[in-house]
Amino acid sequence: MARRNTTYPTTSMDISPVDALWVIIQSQTKAVREALTKRLLEDEKNTTNKQEAMVKDSLTRAFEELHADEVYDDARSLFDN
């Protein structure tokens with residue numbers, strides 16, 4: 001399959017960073033685009049896993065305090081390190 005050159009003429013130099021990056025990504029080989037996609041998805045998964053671990057830790061601490069009758073009126077103390 002032949003690669004298409006997908007450059008578009010612009011009438012001004014006002015191109016957003018996202019549009020500029022999109023043009024660069026489109027011009028890459030399929031293997032490079034797939035590698036980039038894989039890396040982005042892995043990064044998103046790692047971020048999600050970190051957020052889930054933080055929520056789990058916060059809830060675990062909250063339930064431990066509840067069961068130990070150490071409930072505080074100010075719930076913000078649950079997030080203190």
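Reader: Which residue forms a salt bridge with Asp-57?
Author: This is a predicted model. A salt bridge needs a side-chain nitrogen of Lys or Arg within 4 Å of a carboxyl oxygen of Asp or Glu. Here the closest N and O atoms are 3.7 Å apart, and the partner of Asp-57 is Arg-61.

Reader: How far apart are Asp-57 and Arg-61 in helix α2?
Author: The two sit four residues apart in that helix. So the separation of Asp-57 and Arg-61 is about one helical turn.

Reader: Is Arg-61 buried or partly exposed?
Author: Buried means under 20% relative accessible area. Arg-61 has 22% relative accessibility. Asp-57, its salt-bridge partner, has a relative accessible area of 39% and is partly exposed. Arg-61 also counts as partly exposed.

Reader: How many salt bridges does the count come to?
Author: The Asp-57 and Arg-61 pair meets the rule. The count comes to one.

Reader: Which residues make the nonpolar surface patch of about 380 Å²?
Author: Patch residues need over 30% relative accessible area. Leu-59, in helix α2 (residues 30-67), has 46% and is partly exposed. The patch is made by Val-55, Leu-59, Phe-63 and Leu-66.

Reader: What share of the chain's residues is buried?
Author: The chain has two helices and zero strands. It exposes about 7,900 Å², with carbon and sulfur atoms supplying 58% of that area. Of the 81 residues, the buried share is 5%.

Key: Residues numbered from 1 in each chain as written. Predicted model: local features only at pLDDT ≥ 70, side-chain atom pairs only at ≥ 80, totals over all residues. Heavy atoms only, no water. Patch = residues over 30% accessible without salt bridge, like charges linked within 9 Å, V, L, I, M, F, W, Y side chains within 5 Å. Areas by Shrake-Rupley, 256 points an atom, 1.4 Å probe, with all protein chains shown as cover. Buried < 20%, exposed > 50% of the residue type's maximum accessible area, 1.4 Å probe, protein only.
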